Amino acid sequence: MTADVWLPIPPEDIEGLPEGPNYLFWNGGEDFPADPADCAYYVVPYMKPLEVGLRPLPLLSSVEVVQTLSAGVDNLLPGLKDLRPGVRLCNARGVHEASTAELTLTLILASLRGVPDFVRAQDRGEWLGGFRPALADKNVLIVGYGSIGSAIEDRLVPFEVARVARVARSERTTARGPVHPLTELPALLPEADVVILSTPLTETTRHLADADFLARMKDGALLVNVARGPVVDTKALLAELETGRITAALDVTDPEPLPQGHPLWQAPGVLVSPHVGGPTSAFLPRAKRLLVDQLTRFVNQEPLRNVILTTGTTGA
């Protein structure tokens with residue numbers, strides 16, 4: 001029997017899909033495109049509510065691969081219990097690096113140079129001058145040095161930063177220099193002018209930026225979160241922001257979406273963007289390339305890229 005592949009992008013819009021599977025379009029609509037029991041490869045709709053992506057999982061009795069179009073897979077983990085053993089969960093490594101790194105630099109530069117103040121002054125018709133910090137000569141700390149963290153450093157280089165320190169779950173060496181383990185984070189925080197969070201959300205990184213983490217940041221430092229909202233302890237961050245000792249730029253928040261009236265909206269020294277690191281014009285061509293590559297591998301029974309876990313194995 002020909003395997004069904006569910007795609008959130010119309011298959012006729014994806015050039016180069018391998019022959020063989022029966023490609024079906026489903027982007028979260030009320031009706032499924034076919035019997036979920038016949039789906040072998042499920043690509044989760046992008047930028048849809050959590051319940052939409054999870055809804056088919058209990059019915060995918062024959063599925064072999066669940067593919068996200070997001071870098072993070074934490075939102076999908078609660079549904080894995082509904083899948084049979086041996087299902088591979090793959091993320092979208094390679095799709096969001098450019099967009100997320102661009103936004104990271106945008107948030108840093110806008111925060112340091114006071115762009116939100118200029119916009120508000122423009123609304124008032126006020127010419128607002130003054131002296132602002134530059135990114136040049138700053139020490140930058142990237143916490144979560146995977147593909148997105150590396151892409152961020154690529155874009156930091158032309159800005160003449162003094163130093164980039166890198167932190168990941170485990171120690172290693174890269175062409176640009178050492179990557180420190182998380183255990184060395186307390187010693188690195190006091191040296192950083194800009195701290196960038198680009199780590200996946202795991203039990204280890206949940207509330208990684210807690211009261212102790214934030215207290216170790218130097219006076220005047222900027223915290224940038226392009227990871228997941230719960231990587232930061234919101235209550236602890238609000239307490240630090242209220243003192244004016246540090247500032248923050250947040251593309252993700254906890255809770256999210258940030259509800260109207262939440263104190264983060266009005267906290268001093270914070271810039272909030274509504275989780276827009278990934279959805280740009282760069283997304284679609286990279287997502288299509290990923291799907292063509294993955295499905296070609298799937299059809300040819302070759303190893304898939306970006307396998308995060310396999311259900312039924314230890315830790316899944």
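What follows covers the sheet, the helix across it and a loop residue.

## Ground rules

This is a predicted model, so local features need pLDDT of at least 70, side-chain atom pairs count only at pLDDT 80 or more, and totals for chains, interfaces and linings use all residues. Residues are numbered from 1 along each chain as its sequence is written, and side-chain values use heavy atoms, with hydrogens and water left out.

## The sheet

Six strands make an open sheet in the order E2-E1-E3-E4-E5-E14, and the pairing is mixed. E2 (22-25) and E14 (307-310) sit at the edges with a single partner strand each, so one side of each has no neighbour in the sheet. From one strand to the next, the twist averages 20°. Strands here are DSSP runs of E, at least two residues, and helices are runs of H or I, at least four, numbered from the N terminus; two strands pair if DSSP finds at least two bridges between them.

E5 (residues 88-90) and E14 run antiparallel, joined by 3 bridges. Cys90 has Val307 in E14 as its bridge partner.

Asn91 lies in the loop between E5 and helix H2 (97-113). Is Asn91 buried or exposed? At 10% relative accessibility, Asn91 counts as buried (under 20% relative accessible area, with a 1.4 Å probe and protein chains only).

Beyond its neighbours within four places in sequence, Asn91 is in contact (heavy atoms within 4.5 Å) with residues including Gln67, Leu290 and Ile308. A polar atom of the Asn91 side chain lies 3.0 Å from the backbone oxygen of Ala71.

Note on methods: Axes are lines fitted to C-alpha atoms, for helices over the stretch in contact, and angles run from 0 to 180 degrees between N-to-C directions. Buried means under 20% relative accessible area, exposed over 50%, partly exposed in between (1.4 Å probe, protein chains only). A polar contact is a pair of N or O atoms within 3.5 Å; within protein, one must be able to donate a hydrogen and the other to accept it, and residues adjacent in sequence count only if both atoms are side-chain atoms.
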